[in-house]
Amino acid sequence: MLKTPEEFVESLRELNPTVYIRGNKVESIADEPLLEPGINAISLTYEYALLPEHKETMTATSHITGKTVNRLLHINTSQDDLLKKLEMVRLLCRETGCAQRYLCHDALNALYECTHNIDLEFGTDYHIKFLNYLESVQEKDLTTCVAMTDAKGDRTKRPHEQHDPDLYLRIVDRNAQGIVVRGIKAIVTGAPYTHEIIVLPTRNMTQEDRDYAVSFAIPIDTPGVELVSREAGRPGQSGAPLSSRYGQATAQILFDDVLVPWDRVFLAGEWQLAGSLTESFATHHRLSCIGARAGLGDMLIGATCSLAEANGLDTQKTGHVRDKIADLIKYVESFYACGVTSSVFGSETRAGNFLPDPIYSNIGKLMQGTHIYDMYRIAQDTSGGILVASPYPEDMESPDIGERLNRYLQGREDIPADYRISIARLLEDIVASYQGGWYSVISISGGGSPEATRLEIMRKYDIDERKSLVEKITGV
Ligand SMILES: Cc1cc2nc3c(=O)[nH]c(=O)nc-3n(C[C@H](O)[C@H](O)[C@H](O)COP(=O)(O)OP(=O)(O)OC[C@H]3O[C@@H](n4cnc5c(N)ncnc54)[C@H](O)[C@@H]3O)c2cc1C
């Protein structure tokens with residue numbers, strides 16, 4: 001059943017996770033001001049699912065129960081589902097900057113495919129366990145975070161070769177109740193204010209790494225789980241129009257000999273298929289990254305044009321501004337176009353769900369991860385220094401100096417200074433603040449580094465076919 005945003009926040013009160021921020025233990029997640037922008041961003045995913053105008057984009061019919069579910073919890077059963085997922089993520093992220101909950105969609109889809117494949121190969125019963133889990137997630141309209149990235153220690157060494165055996169999360173015991181896991185997942189978005197953690201392996205494994213080949217789902221307040229989190233966005237900052245309202249917390253999740261019951265275990269030692277689970281998640285997730293950054297791009301295009309106009313520049317007639325805005329649009333829409341292509345060329349897996357085309361999802365992710373800096377350059381160049389020099393709202397409204405600030409900081413005659421400065425603050429928030437840095441780092445590293453996407457492109461692209469074409473043309 002679809003939850004309202006209020007029910008989502010209330011449901012967080014029923015959980016009691018151990019969360020630290022700046023060394024202090026958080027008493028109540030739902031009431032913690034430092035996390036409020038993150039909770040607001042996820043709440044929007046609940047709110048939009050209930051709005052008639054977004055129903056088609058935001059909801060779907062579950063193929064396992066026939067019930068209406070939030071699309072973020074839906075298993076893609078067609079190319080159209082992939083396209084709608086892409087549109088949904090853009091829609092949510094153009095409001096929130098990053099709606100976070102799409103990670104959950106990507107993990108559920110990867111597990112749907114891979115538990116099926118593991119069962120086929122090893123005669124295990126992970127898929128049915130996963131389907132039970134999926135049904136309960138859909139029924140309760142839950143939000144999960146996704147903990148894939150391990151601490152990884154020395155990057156040139158495999159998990160079992162590290163100087164400390166716990167630098168990748170691993171199974172330390174197996175008993176009648178379940179598996180016991182120890183270690184850390186190092187970068188997890190939105191974790192404190194989610195209901196569940198889905199754990200996935202971060203890379204391919206060898207036989208010696210079999211204890212590191214592990215996937216499961218547990219409630220966020222499971223005994224032995226501790227989170228060390230950043231605040232979400234820039235809470236309480238008056239000069240942060242976007243990120244005081246919507247933000248994202250990133251957390252470390254520590255697992256101190258945590259018992260995971262067998263019915264929530266989806267991979268435990270089948271090292272041969274760990275890499276395919278990582279890869280499937282990455283393929284789904286890179287499509288989401290494209291939608292998310294296109295949403296951010298929408299904000300950037302709107303704000304850059306508005307500020308240029310408030311400065312008296314004409315985005316159609318001032319030649320260099322027009323060219324820069326056209327380039328900005330080109331960057332955003334070209335990586336989004338890769339997302340559309342990846343969806344349209346998506347294909348059915350052996351499990352029956354649909355996987356985005358990996359070449360285009362990786363190319364799109366690579367483009368957004370590198371062009372984010374071109375996008376930022378254009379916004380900063382076009383806007384000028386006011387981006388980091390605008391007075392705070394309190395100063396603009398001050399009885400002592402507000403009137404003079406409003407007079408002197410006006411650009412074009414018919415556009416009030418307050419409007420100009422508000423847009424400058426929004427742009428600062430997106431491209432020149434702590435949050436702006438966060439958006440650029442998530443663009444380049446979130447969903448995998450540019451190198452990881454290049455490797456995937458080179459692995460999957462049919463270069464031999466292109467070489468044979470040349471042979472055909474030249475006849476040699
Ligand atoms: C804001 C943000 C949110 C995130 N949210 C999540 C989340 O919710 N869940 C999650 O699981 N992860 C999350 N991530 C993690 C993200 O997936 C990783 O940052 C990404 O996979 C890169 O891993 P890393 O940060 O450990 O960097 P590294 O792996 O250390 O990479 C740094 C550089 O080293 C290179 N490198 C690494 N290993 C090698 C090697 N063996 N040989 C040569 N070069 C190498 C890389 O190509 C890269 O250039 C998030 C990241 C960010 C920035």
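# Exercises: a strand sheet and a ligand site

Strands β1 (residues 18-21) and β10 (residues 225-229) run parallel and pair over four bridges. The model is predicted: local features need pLDDT of at least 70, side-chain atom pairs count only at pLDDT 80 or more, and totals for chains, interfaces and linings use all residues. Residues are numbered from 1 along each chain as its sequence is written, and side-chain values use heavy atoms, with hydrogens and water left out.

**Exercise 1.** Describe how β6 and β7 are joined.

*Solution.* 
- Check the direction. β6 and β7 run antiparallel, with four bridges.
- Pick a pair. I171 stands opposite V181 in β7.
- Trace the link. A hairpin of three residues connects β6 to β7.

**Exercise 2.** Work out what surrounds the ligand.

*Solution.* 
- Count the shell. It has 20 residues, and the closest are V146, M148, T149, R155 and T189.
- Sort by class. There are nine nonpolar, eight polar and three charged residues. Ala, Val, Leu, Ile, Met, Phe, Trp, Tyr, Cys and Pro count as nonpolar, Asp, Glu, Lys and Arg as charged, and the others, Gly among them, as polar.
- Assign elements. β5 (144-147), β7 (178-189) and α13 (434-445) each supply at least two shell residues. α13 gives the most, with four.

**Exercise 3.** Which polar atoms lie by the ligand's oxygen and nitrogen atoms?

*Solution.* 
- Set the cut-off. A polar contact is a pair of N or O atoms within 3.5 Å.
- Take oxygen. A ligand oxygen lies 2.8 Å from a backbone N or O atom of M148.
- Take nitrogen. A ligand nitrogen is 3.0 Å from a polar backbone atom of I187. A ligand nitrogen is also 2.6 Å from a side-chain N or O atom of T189.
- Alone, the ligand exposes 960 Å², and the protein buries 64% of that. These areas come from the Shrake-Rupley method with a 1.4 Å probe.

Methods: A residue is near a molecule or strand if one of its heavy atoms lies within 4 Å of it. A polar contact is a pair of N or O atoms within 3.5 Å; within protein, one must be able to donate a hydrogen and the other to accept it, and residues adjacent in sequence count only if both atoms are side-chain atoms. Two strands pair if DSSP finds at least two bridges between them.
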